[in-house]
Amino acid sequence: MLTPTHDYRRLDYRVPPRVLAGLDAMVNRGVGIYQRRAQRVAKLREDAERIVCDEARWRELPDASLHERLMEFRGTFRRGGKLADEIVMGALGAIREASRRELGLHPFPVQLMGALALHRGFLAEMATGEGKTLTAGLAAVLAGWTKRPCHVVTVNDYLVERDAAWLRPLYTVCGVTVGGVTAAMDPAARLKGYGCDVTYTTSKELLADFLRDRLRLGGIQNPTQRLIRRLLAPVASDGLVMRGLHTAIVDEADSLLIDEAVTPLIISAPTKNELLKEAGILAEQIAGALELESDYRANSRYKEIELTDSGRDKLAGRAGQLPGLWRGNDRRTELIRQALVAREFFQRDKHYIIVDGKIVIVDESTGRPMPQRTWREGVHQAIEAKEGLPLSDPSETIARLSFQRFFRCFHKLSGMTGTAREASGEFWQVYGLPVVQIPVNRPCVRQHWPDRFFATDAAKWNAVVLEIERLHRTGRPLLVGTRSVASSEKLALLLSERGLDFKLINATRLAEEAETVAMAGEQDRITIATNMAGRGTDIKLGAGVAEMGGLHVLATERHESGRVDRQLFGRAGRQGDPGSAQAFVSAEDELIRRFLPVSLQGVLRRSLEARFVGSTQIAEKAFSLAQRRAQQMAFKQRRAVLKADTWLEESLSFAGGDTV
Amino acid sequence: MADAQSTFSESWYRIAGQRISLRPSVRVRRQNFRGDRWIVLEDPFNNAFFRLRPAAYELVARLRPDRTVHEAWKECLDRFPDEAPGQEAVIQLLAQLYFANLLQYNLAGDTAQLFERFKKRRQRELSSRFLNIMFMRFPLLDPDRFLVRTLPVVGKLIGRFGALLWLVVVGAAIKVAIDHWPTLRSQSENVLSPGNLPLLYASLVIIKTLHEFGHAYFCRKFGGEVHAMGVMLMIFTPVPYMDATSAWSFRSRAQRMLVGAAGMIVELFFAAIATFIWARTGEGVVHSLAYNAMIVASVSTLVFNLNPLLRFDGYYMLSDLLEIPNLSQRANQQLGFLAERGLFGVRRFESPARTREETAWLTTFGITSGIYRVIVFAGVLLVVADKFLIIGLIMAAVCLISWVTVPVWKLIKYLATSPRLDRVRLRAVAVSVGLVLVLVSFLQFVPFPNHFRAPGILRAGQRCEVINQTAGTVEVLLAKQGEHVRAGQPLMRLSNRELEVQIAHTLARSQELEARVLKATKDDIASLKPLQSQVEAAVQQLAKFRADEAALTIRARQDGIWVAPGIDTFVGRWVTRGNQLGLLIDPTAFEFTATVQQEDVDALFARKMPGAEVRLTGQASTIVGVHDWQVIPAEQRMLPSSALGWLGGGDVAIAPDDPHGRRAAEPFFEVRAKLDSKTGVALLDGRSGKIRFDLEPEPLLPRWTRRLWQLLQKRYQL
């Protein structure tokens, strides 16, 4: 039976603070810089060393008394308060020993530092291969002991199952129950998963369940209001699966909290909208008659279409064909623009693929098809019309929340990632997370070879293939990162022409993907993967590979964000292994085309063609400028989304609280 | 907030199923602006207004508690497929209505957010009050019930009868004022004298209270409600105010304008009555009060209330007249738009003005009111700073914040973060910085003709006073006044009977003596000697008398112009000896004696000798050349003529304790300039004028900075 408190807690979440503006924001930025100060790391190191000092004492303890001590700690944490803060170091020492006994893994001091950082609500930057999973586990035990809902958020279902299973013995001995929630689960299983002290899950499942719970609640979402209502009229079961938002430990925090932050998760139901369907097909026909430049102009940077006067005239001439609703000037322009956007900016096999006569969106960064996703109203239909597919019913949104807003609702948020410092300002401003850089356990000996610049795409790919061949002959394993599925397929084609054997990660099954990536360290391997594929999986070097120089990572394009580049390069040379990394880029890369001012694009191209002294320096500057601009723009966009969401929230509060 | 144009919105689900409607208390009225129909929603409870386009109102009107927003929207879409607002627009519309507290909804809403909103509004009000320190408002009471109760009586005056009465009274008062014009003028000189200030303020309060009641009664008469009355600190002067904003929702433009004009109508009416009282009373408190009331009501009405460039009644009337609501705000938007389009190259947004005419109006108004405000506020600031040092400094600080710092900060913020500039930010920043640089370097580096003026007086270089050596009656004038005379030329002739008698007497006596000498030569040799000496004496006396006689004809001692003001009246009059009859002035050499203030004199010493020219009072269009000038290098206090001082109508401040008006309040330097002789100007001795020194051209900014420092130094002894 649920006690009122329990019931109240199930709906509890933190009302996110306002996004600060003006002077407040400036002061806040200053606070953020103070919070990220270097002494933090020194303190963490000191604390970790104290734990290590006690190592011998814990080691002597027999299993039974260790268990007894762990239970004692659990009780203290359950009661909370100051005492719990004081004994954290002791508790971590005990858990460390338990890990050594149960898992055979003795956490390194840097892992202890990471766990402490997580416990204290920081964003820990830990290099790839430093054992983030175990680090999260240590912190999750501490959180689980408090009996407040703790979620360990990972990137995909495969990792959920793997990590939960792998750490289960540790949790069990510490008296913490652990569960996982994956996409395939039914509500009963989810209820069970969330019912555990520590729940492993993906951000998508977490947010989706949160939204579904909210929908089940209906109009009354405020926990107090609901509690009063329920006390007056008790309900047997409400079908909720979650138990409130308290602690979240987010793995790969940069990708979740930054890169994918503004993509909202939408719970939708298909509706009939014949008007839109009919208009979509007609719009496509009209759009087909319009010509680029003479009738409309396309702005690739902002993904916008502008109709010229002649385009408007042509449109006006054909407006009569459209159904009544769409005949007016504004509406028909909107409709045609959408059709033109579909035509100009959405490319088959890059942004979407067609599976069984249906459009399936491809995630640009992972290259993974996203069957559940649809583009916003109209665009999806416009693309279907363009491809001549039957138009699907536009789905009607019934609940919607961006990850950005969702993660702001946790009382205690912490995270880990390989690359955070580039975005440390944003982590602080949006989530209140100070970034701390945890040192590596063993110094990194990865060599970063200088970038190679090419004037044209063709020249770049040619050089990439030659380089792959050259390195392949030495027997070193190669990981080739591409930006999109299309380019990885292109490279695959080029390599097969040369008769080279390679593995292509085409992102159909996660487990397989992880396995392939894990094997990428074997001798003679060539692996082609999109930049984001297989995150969270270690690439262990095969036998003898280390002597050859370790894994070589070859990036065939720069990503908009320097973090993603670093992530890819970080796959080589993990945990002190040897390794090397290099990027091949051209002046025709999308990064340059979209984010470098047109005038500079010309300069860059000419200087790369001419190849004079200093052209490499120019190119380097140009690429970092383009990257900086891209990141700035992305940050601005995310802030704008957050502001717009907040505005909407305030303005529509008469419509009853939205989810958050 | 996403593109307002789009038909569908991702956030639609938030409101699609809601059942909301306008509050039952909301009044809906139609207004026409420049031929466009608008709908005004008014909430009488909090005096909130909301203006809608008819298309938007079609939707709002369809919102009912018994159907969802989505249904209402669908219905709207079916009926007006083209004009109906898109989903995004509907969300924004409803949000605005919600913020204006015009919506009724069945959910309790987010109470915490309601409080948050209230808190924010209070904060905004407080900060706007502080920034608008020149016009702070403090609402005190609600006069509505009083107005309603008294309206049956007072309201009768608002109508044809009232208009007629007003015309008669004001007309008659104008006639009275014209009749008494000279008195009226002479009395106006001491309106701002310290002794009159309390009376002036008293009449200001009385008249402005009546003014405000004018607004209130007119507004009430036409059905508007007036719920706030209080005190406004206008430039730190408490004056009453009333809130007649409910008139904004009147359908009839004439009524809206009448309410706007009501204050002035009432004021002028009472000014007229005050005129009668003033004309019919003698000196005394009532008389002065009536006089002050007249001045306040007429001058302040014309200068402040009727002036559309300040945000008083005239502005709102103009706004109604042009049928452009929110004139000033939209004028600013228009200017912003012009700047964005013309300077920054923003192409995506539409002009806030819908027609050409409106564009012209908005632009003109924006520019003129901007310039005017700067001038008025700078003037007020200087005056206040002059009178009250501390308040002046505080005000200057506040004004600096609200008129310089805040706008500059906003500009920077706008340039840095405005999404409107997203694609042209580089250009916008470059253009703005460029403009500022151009302006600053223009002021700093481009030299401008530089000159200053000093008052002075004309003096003849050589002059000679004509004095009569002998007393006598003026017989005849031999030279005309102003005539050029040569040396020795007779100027006038006097006659002296006594002298003639004396000459005759002396002559007779000398004949007698000579006869006696002859006799003595024969008879009495011994007495010859004394007799001869007597003859000698008589001859000498005669010679003296003869000389005196000759001096009766007064002659010019030098070439020059004969100047003898009022000499005509001397004919037939006795003049004693040694009287100055007039002057002989050499017209070839005139000297201009100028008084130069300490601030300016530095320029005369420091640089190479600047050119100068003189313009004389009354003949300012003709320039008199100066061929040489020099500064007397010692400061002086006595003016060369009282005509230069305040007492004599000049510009130089004089010491208050000097009854002759020749001692200057501040020391000055004297400059003597020799004038060119060949000019078309009558060079008259004692004529006042101004000398202009043409200094070397100097840029404006350094000059202004120096002036400011001098001002501070002078005013505040810094």
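Predicted model: local features only at pLDDT ≥ 70, side-chain atom pairs only at ≥ 80, totals over all residues.
View 1. Chain B holds 20 helices and 22 strands. Of its 718 residues, 27% are buried.

**View 2. An open sheet of seven strands in chain A.** The strand order is S3-S4-S2-S5-S13-S1-S14, and the pairing is parallel. Strand S3 (178-181) and strand S14 (435-437) of chain A form the edges. Each edge strand pairs on one side only. From one strand to the next, the twist averages 20°.

**View 3. The pairing of S2 and S5 in chain A.** Strand S2 of chain A spans residues 150-154, and strand S5 of chain A spans residues 247-250. They pair in the parallel sense over four bridges. Val153(A) stands opposite Val250(A), a residue of S5(A).

**View 4. Helices H7 and H10 of chain A.** Two packed helices are described by the angle between their axes and the distance between the axes. For H7 (residues 88-102) and H10 (residues 157-173) of chain A, the axes come within 9 Å and cross at roughly 130°. H7(A) and H10(A) are therefore oblique to each other. The crossing of H7(A) past H10(A) is right-handed. H7(A) contributes Ala98(A), Ser99(A) and Glu102(A) to the contact; H10(A) contributes Pro169(A), Leu170(A) and Val173(A). By class, this contact has four nonpolar residues, one polar and one charged.

Conventions. Residues numbered from 1 in each chain as written. Chains lettered and ligands numbered in written order. Helix = DSSP H or I, 4+ residues; strand = E, 2+ residues; numbered from the N terminus. Buried ≥ 20, exposed ≤ 12 C-beta atoms within 10 Å, placed from the backbone. Pairing = 2+ DSSP bridges. Axes fitted to C-alpha atoms, helices over the stretch in contact; angles between N-to-C directions. Parallel < 35°, antiparallel > 145°, perpendicular 65-115°, else oblique. Left-handed = near helix turned anticlockwise from the far one by under 90°. Contact = placed C-beta atoms within 7 Å. Nonpolar A, V, L, I, M, F, W, Y, C, P; charged D, E, K, R; others polar.
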